[in-house]
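Have a look at the sequence and the model first.

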Amino acid sequence: MNFVTLYFSLFFLVVLTVFSFCPRSIKVQSFLLLCFNLFFYACAGIQFLPLLFFVAFLNYVSAKLTNGHPPKKHTTRRTIIHFIVALQILLLGFYKYYEFFILNTEALLSQMGLQVSLIGFLPSVDILLPVGLSFYIFQGLSYSIDRYRDISLKPRSYLEVLTFISFFPTVLAGPIMRSNQFFGQFIEEALPQDKEFKVQEKKWINQDIAEGFTYILSGLFKKVVLASYLSEHIVRDVFQNPDFYSSETVLIASYAYAMQIFCDFSGYSDLAIGIGRLMGFKIPINFNAPYLATSLQDFWHRWHISLSTWLRDYLYISLGGNRKGNKYLNLFITMTLGGLWHGAHLRFLIWGMAHGLGLIINHAWQKICPLSPKKEKKEYPLVLTRIYSFFAWFITFHCITILWLFFRADTTEKALEMLQRISLFTTEGDGYSYLVLIAIFTTMIIQIVGKHCFQGFSYVLEKAWLPLKILIIALCSAIILKMGPDGVLPFIYFQF
């Protein structure tokens, strides 16, 4: 169920109405939230509900068993958590790499002289790929691993775990929540198990309402207006047939896709955060002006924050982090696996490996560059530091933009073809509308002043008289929907 549809608007209106009038009981609200979560996911893919139940069961059992064994039995606990994690990774690998294995099996049989079409009688990848699988498996794993690492954290009931991983604002494409972020908003997570938990009732607060609607309007503008326009008017056509366009147009299309994926994914995250805020849940921020980053390391502190921190906490640290082994190798492995998480294609592998290599260079550079923030603070002329910051931003932004070509192109060959087309500096071919430049610059301006605009708009909503508040929200929504196309494409990260 797409957030930008009438059906979801009606569904969410029912959710808010029910939560507004239901008893202020944690048990009642938890049960209702679980029902809404399952209904929402069933609308997205009812055939995948058993898999959702199974993943919740695995993590429920994992926490129960690892928490039930005393720390002295470390080998038993470690065996259990390794088995549960491996099983879920195998599940994820099967569904995400199903098509990859089938096609390579066909190629292998062809080399052996056997012309067999497995796709002809096996289920297609569109039927097999469960919606939101990557995101709710990662949420479930964080729940299990947190309780393995810290046995003071109370294991939850099966229904509580299912409610957590199926939370409908985040189940399809994140942000990836941690269990303490979710359960901590119902009860005090850190209280001893033998004490009565303090209930935190879900109540509407005026600030939450104002910020929630501000997030929703922000997400709608990014997705419906900016991302849709860039996709329709330059990105889709140029990435399909780069030979038809001039070098300048292909270069602008590269910038346009960088802005499109930001507006699309951060727009979805804003909608999820806003929806959660209206329900009384604070979902963590997922983007923080990523294209203002002055290094790849800085970029990954700002882009898809919930995934990058998940990879850091549960993969990079598990590999040894900065303390065990070679930290550069750990970085490279983490980013390579992060690339493969997006899909079993060579282009995703290249994208992940390139980011891993870039982070290695970034860390090495910080040790030798006198202007690096990692070095001891010294007094340098302001002009020098600003020049350094500008060139650091310029290089970082263009490295990220170039790598997005491999992320977006249908094949690796198509991405290389676009790079070649840009390098030819030819003026032959079709051009582009100058409105595309306005959309690109608008996206950059949003990252520069967006935080201040957000605070100002939410403050006005918070202080406004209720009828005026409703009028402002309705008017802004109507303008945004009028500026957008008739039909809005699915969010990019739904495919991952």
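Take helix α7, residues 133–149, where helices are DSSP runs of H or I with at least four residues, strands are runs of E with at least two, and both are numbered from the N terminus. The expected span here is 1.5 Å times one less than the number of residues. Of the 17 residues of α7, 16 are buried, so this helix is largely enclosed by the rest of the structure. Buried stands for under 20% relative accessible area, exposed for over 50%, and partly exposed for what lies in between, using a 1.4 Å probe and protein chains only.

Buried positions in α2 include I26, Q29, L32, L33, L34 and F36. N37, F40, Y41 and G45 are also buried there. As a reminder, an α-helix has 3.6 residues a turn, so residues three or four places apart point the same way.

## The model and the whole chain

A word on the ground rules: this is a predicted model, with local features needing pLDDT of at least 70 and side-chain atom pairs counted only at pLDDT 80 or more, while totals for chains, interfaces and linings use all residues. Residues are numbered from 1 along each chain as its sequence is written, and side-chain values use heavy atoms, with hydrogens and water left out.

Zooming out, the protein chain has 19 helices and zero strands. Of its 496 residues, 51% are buried. The chain exposes about 24600 Å², with carbon and sulfur atoms supplying 66% of that; the areas come from the Shrake-Rupley method with a 1.4 Å probe, and for residues only the protein chains shown count as cover. Among contacts (heavy atoms within 4.5 Å) with a separation of 6 or more, 74% are between residues 24 or more positions apart.

## The nonpolar core

The largest nonpolar core has 128 residues, and those with the most contacts inside it are Y136, F168, M279, Y291 and W404. Helix α11 gives the most to this core, with 18 residues. A nonpolar core is a set of buried Ala, Val, Leu, Ile, Met, Phe, Trp, Tyr and Cys residues joined through side-chain atoms within 4.5 Å.

What does F168 touch, not counting residues up to four places away in sequence? Its partners include F3, F8, F11, F12 and V15, along with L33, N37 and F40, plus I275 and M279. L33, N37 and F40 are among the buried residues of α2.

## Salt bridges

The structure holds seven salt bridges, each being a side-chain nitrogen of Lys or Arg within 4 Å of a carboxyl oxygen of Asp or Glu. K223 and D264 form one of them, at 2.6 Å from N to O. K223 lies in helix α10 (residues 206–240) and D264 in helix α11 (residues 247–278), so the pair ties together parts 41 residues apart in sequence. K223 is buried at 3% relative accessible area, and D264 is buried at 2%.

Then there's a network of salt bridges linking R178, R312 and D313. R178 pairs with D313, the closest N and O atoms being 3.1 Å apart. Since R178 lies in the loop between α8 (158–165) and α9 (179–183) and D313 in helix α13 (residues 305–319), the pair ties together parts that are 135 residues apart in sequence. R312 meets D313 at 2.8 Å, N to O. R178 is buried at 13% relative accessibility and D313 is buried at 15%, whereas R312 is partly exposed at 41%.

T412 lies in helix α17 (residues 412–424) and counts as buried at 10% relative accessibility. Leaving aside neighbours within four places in sequence, T412 is in contact with L346, R347, I350 and F406. A polar atom of the T412 side chain lies 3.4 Å from the backbone nitrogen of R347.

K64, in helix α3 (residues 49–68), is partly exposed at 42% relative accessibility. Not counting residues up to four places away in sequence, K64 touches P155 and R156. The C-alpha atoms of K64 and R147 are separated by 8.8 Å, with the two residues 83 apart along the chain.

Definitions and conventions
A polar contact is a pair of N or O atoms within 3.5 Å; within protein, one must be able to donate a hydrogen and the other to accept it, and residues adjacent in sequence count only if both atoms are side-chain atoms.
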